[in-house]
Amino acid sequence: MQGKVDCVIGLCFGDEGKGKIVDYLSKNYDIVARFGGGDNAGHTIFKDEQKIVLHLIPSGILNSKIINIIGNGVVINPIAFKKEVEMLESLGVDVRSRLIISDKAHIITPIHIATDLDNEKVAKIGTTGKGIGPCYTDKISRNGLRVCDLLADDLIIKNLSDLDLPNISEFIEACEYLKMFNIQKTEILINEYLNQGKSILAEGAQAAGLDVEFGTYPYVTSSSTTTSGVCSGLGISPKKIGTIYGIIKAYTTRVGNGPFITELFDDVGECISKKGQEVGSTTGRKRRCGWLDLDQVKYASMICGVDEIIMTKSDVLSGFEKVKIYNNGQYSELQGWHSLSATHIPSEFLNFIEVIESSLHIPITTVSTGVGRDDIVKLEKQLQK
Ligand code: IMP
Ligand code: MG
């Protein structure tokens with residue numbers, strides 16, 4: 001039997017909790033693969049009450065049975081990569097034996113970072129300043145530097161060392177470090193794995209609202225964050241795509257600039273921000289908070305072909321007298337709930353879920369009820385009780 005590539009895709013503006021969901025789902029998979037973005041992402045996972053933030057390395061890395069792949073669609077900052085590997089190794093994670101890197105992934109250089117920061121002075125997108133846009137710009141304009149170039153030609157690294165940039169020696173050292181990892185034509189490997197019947201989970205970064213094609217352009221990131229990005233970012237046919245999980249929070253957040261219809265500027269927004277600890281895990285910026293924007297979720301689900309919805313951070317909305325959902329250009333107000341946990345799902349929350357499901361015509365199958373690895377519940381079981 002041919003294996004499939006199931007996908008975890010954020011449906012709003014990022015930070016939907018994809019890291020935790022990938023960590024939760026990954027026990028059912030042989031391989032976890034990142035298909036796009038770079039260290040602009042911040043995927044937070046709690047392991048034994050320890051907070052681990054991953055930026056570049058797939059969220060399956062904590063599981064010793066899983067092969068993790070950084071696909072061709074990803075852009076790699078070697079300095080950030082080295083730091084992340086060292087952080088994981090200090091926690092006893094054997095990264096080297098579990099990670100395979102595409103030879104076609106592009107390299108973020110110090111020049112890309114300087115250009116990103118420079119562009120921001122004019123464009124004011126509110127980027128993460130990680131050099132993502134300029135790196136993808138060079139990729140599309142055929143001026144990019146790829147992982148295979150580092151392997152093929154020592155001259156490239158030598159030429160880079162002649163550049164007059166403050167951290168160039170750190171960059172060169174990190175490139176040499178990256179070269180020592182398991183680098184392969186991952187598109188061939190992935191298709192071989194599928195032929196062997198292995199299961200793959202594709203881990204999205206950012207989200208549909210930040211997609212370069214279908215996001216709130218120009219306030220977007222520079223990659224394809226939707227399901228089509230899985231095919232181009234890993235080298236698989238659309239026919240190989242299996243279940244598509246769309247991830248949403250019980251409310252909406254956005255970090256950086258750009259339109260945000262349901263943004264709250266009052267005490268409610270402040271309360272959600274505090275309870276949800278809505279601070280960017282990559283840049284430390286405060287995230288903007290607002291009610292759930294179902295119109296965005298509906299649009300993103302259509303573009304991504306979502307089969308199932310997984311909702312995170314439902315516990316953060318506990319304690320509000322009323323909660324709101326934005327749908328078809330207007331708000332509806334629903335009864336709130338006092339408390340919620342994996343073992344206690346109140347009827348008001350189930351009503352909130354049903355209203356969303358009936359509008360989207362997509363089932364919400366799983367709900368995350370807290371930061372811990374056990375704070376998660378399959379809803380069908382809950383409903384059957
Ligand atoms: P860039 O990806 O650094 O170019 O930033 C472009 C936009 O995407 C900015 O609004 C960022 O705040 C946003 N962004 C990029 N990565 C993430 C993420 O992982 N979570 C949330 N927002 C992100
Ligand atoms: Mg994040």
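Which hand, left or right, does the crossing of α7 and α8 have? The crossing is right-handed, that is, the near helix is turned clockwise from the far one by less than a right angle. The contact involves D154, I157, L160 and S161 of α7 and I168, F171, I172, C175, E176 and K179 of α8; contact means heavy atoms within 4.5 Å. By class, six of these residues are nonpolar, one is polar and three are charged.

The model is predicted, with local features needing pLDDT of at least 70 and side-chain atom pairs pLDDT 80 or more, while totals for chains, interfaces and linings use all residues. Residues are numbered from 1 along each chain, chains are lettered from A and ligands numbered from 1 as written, and side-chain values use heavy atoms, without hydrogens and water.

Helix α7 spans residues 154-161 and helix α8 residues 168-179. Their axes lie 9 Å apart, at an angle of about 165 degrees. The two are therefore roughly antiparallel (over 145 degrees).

D15 is partly exposed, at 22% relative accessibility. G42 is buried, at 14%. Buried means under 20% relative accessible area, exposed over 50%, and partly exposed in between (1.4 Å probe, protein chains only). Beyond four places in sequence, D15 touches G42, K249, T253, V255 and R287. The C-alpha atoms of D15 and K249 are 8.4 Å apart, across 234 residues of sequence.

Definitions and conventions: Axes are lines fitted to C-alpha atoms, for helices over the stretch in contact, and angles run from 0 to 180 degrees between N-to-C directions. Helices (H or I, at least four residues) and strands (E, at least two) are DSSP runs, numbered from the N terminus. Angles under 35 degrees count as roughly parallel, over 145 as roughly antiparallel, 65 to 115 as roughly perpendicular and the rest as oblique. Ala, Val, Leu, Ile, Met, Phe, Trp, Tyr, Cys and Pro count as nonpolar, Asp, Glu, Lys and Arg as charged, and the others, Gly among them, as polar.
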